[in-house]
Amino acid sequence: MARLNVNPTRMELSRLKKQLGTATRGHKLLKDKQDELMRRFILLVKKNNQLRIDVEHELTTALSSFVLANATLNEAFIEELVAVPANDVSLDVIEKNIMSVTVPIMNFHYDESIVNAPLNYGYLNSNAELDGAFDKISTILPKLLELAEVEKTCQLMSEEIEKTRRRVNALEYMTIPQLEETIYYIQMKLEENERSEITRLIKIKNMGSNT
């Protein structure tokens with residue numbers, strides 16, 4: 001590790017020692033932050049994976065029901081049912097700070113009665129597969145919205161973990177060793193100068209004693 005190009009003076013030594021103390025404290029704080037971010041990130045990933053499994057399973061079941069319904073019902077009838085949304089969904093996004101990471105909190109507003117009665121249509125032209133498909137799609141909506149929020153939070157936290165890791169590594173493997181090596185160099189240089197000065201003074205004293 002190349003040392004810093006500085007003058008080997010006591011003032012410079014004092015300045016670098018303070019800088020090393022700041023860098024060491026900063027490294028510890030960043031390392032603690034990285035560890036806590038990783039802990040929270042792992043918990044979120046587990047939650048995200050479980051949510052995704054649940055959502056994909058329920059969506060697969062619902063789509064299978066749609067396929068069966070489409071095979072036994074008039075396709076135009078099904079298209080007419082889903083052509084116009086049965087309910088409006090609005091989204092409010094607010095920000096939350098998690099360990100200096102700004103993550104979105106998504107508040108979805110929709111008529112919860114749609115879960116119980118998603119679409120109004122006559123049962124004469126319907127069948128059990130179509131009814132089941134609509135029921136599943138409606139009940140999965142809250143999980144689907146939650147999944148979107150959790151996945152976005154995971155993405156943002158992952159980016160922050162990577163940035164923090166780079167900063168920790170820069171301090172640990174470059175800045176701190178460079179400061180330590182420079183401090184050691186200055187200390188050695190000052191000690192060398194001090195020994196030279198003592199030797200010079202002794203010679204001067206001896207020369208004075210011999211005269």
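Student: Which residues in the largest nonpolar core touch the most other members?
Tutor: Leu37, Phe41, Leu44, Val101, Val150, Cys154 and Met157, out of 14 residues in that core. A nonpolar core is a set of buried Ala, Val, Leu, Ile, Met, Phe, Trp, Tyr and Cys residues joined through side-chain atoms within 4.5 Å. Buried means under 20% relative accessible area (1.4 Å probe, protein chains only).

Student: Which elements give two or more residues to this core?
Tutor: α1 (10-72), β2 (101-109) and α4 (128-210). α4 gives the most, with 6 residues. Helices (H or I, at least four residues) and strands (E, at least two) are DSSP runs, numbered from the N terminus.

Student: What is Phe41 in contact with?
Tutor: Leaving aside neighbours within four places in sequence, Cys154, Met157, Ser158 and Ile161. Contact means heavy atoms within 4.5 Å. Apart from this core lies another, of 13 residues, including Leu20 and Val168.

Student: New topic. Where is confidence lowest, and where highest?
Tutor: This is a predicted model; local features need pLDDT of at least 70, side-chain atom pairs count only at 80 or more, and totals for chains, interfaces and linings use all residues. Residues are numbered from 1 along each chain as its sequence is written, and side-chain values use heavy atoms, leaving out hydrogens and water. pLDDT is the predictor's confidence in each residue, from 0 to 100. The lowest mean is 56, in helix α3 (residues 113-116). The highest is 91, in α1.

Student: How many helices and strands does the protein have?
Tutor: 4 helices and 2 strands. Along the sequence they follow the pattern α-α-β-β-α-α.

Key. Buried < 20%, exposed > 50% of the residue type's maximum accessible area, 1.4 Å probe, protein only.
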